[in-house]
Amino acid sequence: MGKLNVVNHPLITHKLSIMRNKKTGSKDFRELLSEISMLMGYEVTRDLPLENIVIETPITKMNAKMLSGKKITIVPILRAGLGMADGFQRLIPTANVGHIGMYRDHESHEPIEYYSKMPDKVCDRKIIVVDPMLATGGSACDAISLLKEKYRCTDIILVNIVAAPEGVEKVQSEHPDVDIFVAALDERLNEHAYIVPGLGDAGDRIFGTK
Ligand code: PRP
Ligand code: URA
């Protein structure tokens, strides 16, 4: 089963509390989401492999360490995932970006895919799927299935800001090879499949559409 990592850091907790507050406007919401994403990126990349190389400082030669291993592709699930992509890109500037467009049907809450575009040879890369909300888990599971089936990706992790236990269980059962990183594991879903207490509709709050 994929490991659930709840990234516990006072800065993340504080910034997330401001995001949750319904009085927080779109500009602050977007900035905080980007900042939290960067802080989470630090934890998500903790185990990246390093290799030894010889460099010359202005003083002498030395054995230094640089990142090695697979290159990284960040995959935001549109729309709300876009709000996390720039934080990750600032931390890992060599990462490229693939996009998956998905929205939940308002009645059934089932995800509907409307777009996908990945970089060349994405199957050789480590994939970081980003989306602020993991509610029923339908969108994340379908996005991961698409990456595996259409793009032949095999090395995938999922990063969310707020998750419901239902979503975590679904991803762990359908994609046991995928580790999950979240900033907060909330209580439950309500009758509209929104996370409680959550932060409302992430896409609408990022883009000011409601
Ligand atoms: C939100 C969110 C996730 C999805 C989570 O997107 O960004 O993609 O819901 O819900 P789930 O776990 O139940 O699938 P939404 O469908 O609101 O689309 P949007 O980002 O375009 O607003
Ligand atoms: N999508 C959101 O944006 N928020 C939720 O609480 C659930 C799904």
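**Around the ligands**

Reply: Ligand 1 is surrounded by 16 residues, and the closest of these are R104, D131, T136, G137 and S139. The model is a predicted one, and the distances below are computed from it.

Take D131 to begin with: a polar atom of its side chain lies 2.5 Å from an oxygen atom of ligand 1. T136 also uses its side chain, with a polar atom 2.6 Å from an oxygen atom of the ligand. For S139, an N or O atom in the side chain is 2.6 Å from an oxygen atom of ligand 1. On its own, ligand 1 would expose 500 Å², and the protein buries 91% of that area.

Now turn to ligand 2. The residues around it are R104, M133, A135, A193, Y194, I195, G200, D201 and A202.

The contacts of ligand 2 described here are made by backbone atoms. In I195, a backbone N or O atom lies 2.8 Å from an oxygen atom of the ligand. With G200, the ligand contributes a nitrogen atom, which is 2.8 Å from a polar backbone atom of that residue. A202 has a backbone N or O atom 2.8 Å from an oxygen atom of ligand 2. Taken alone, ligand 2 exposes 240 Å², of which the protein buries 88%.

A202 leads on to the rest of the chain. Helix α6 covers residues 202-207, and it is one of the elements that the buried residues of helix α1 pack against. The others are α2 (26-44), β10 (156-163) and β11 (179-185).

Which residues of α1 are buried? In this helix, residues 10-20, they are I12, K15, L16 and M19. These residues lie on the same side of α1, because they cover an arc of only 100° around the axis. An α-helix has 3.6 residues a turn, so residues three or four places apart point the same way. The face turned away from the buried side of α1 carries the exposed residues P10 and H14.

Strands β2 (residues 50-56) and β3 (residues 61-67) pair in the antiparallel sense over seven bridges. In this pairing, E51 stands opposite M66 in β3, and a hairpin of four residues joins β2 to β3.

Technical notes. Residues are numbered from 1 along each chain as its sequence is written. Chains are lettered from A and ligands numbered from 1 in the order in which they are written. This is a predicted model: local features need pLDDT of at least 70, side-chain atom pairs count only at pLDDT 80 or more; totals for chains, interfaces and linings use all residues. Side-chain values use heavy atoms; hydrogens and water are left out. Buried means under 20% relative accessible area, exposed over 50%, partly exposed in between (1.4 Å probe, protein chains only). Helices (H or I, at least four residues) and strands (E, at least two) are DSSP runs, numbered from the N terminus. The arc is that of the directions from the helix axis to the C-beta atoms. Contact means heavy atoms within 4.5 Å. Two strands pair if DSSP finds at least two bridges between them. A residue is near a molecule or strand if one of its heavy atoms lies within 4 Å of it. A polar contact is a pair of N or O atoms within 3.5 Å; within protein, one must be able to donate a hydrogen and the other to accept it, and residues adjacent in sequence count only if both atoms are side-chain atoms. Accessible areas come from the Shrake-Rupley method with a 1.4 Å probe; for residues, only the protein chains shown count as cover.
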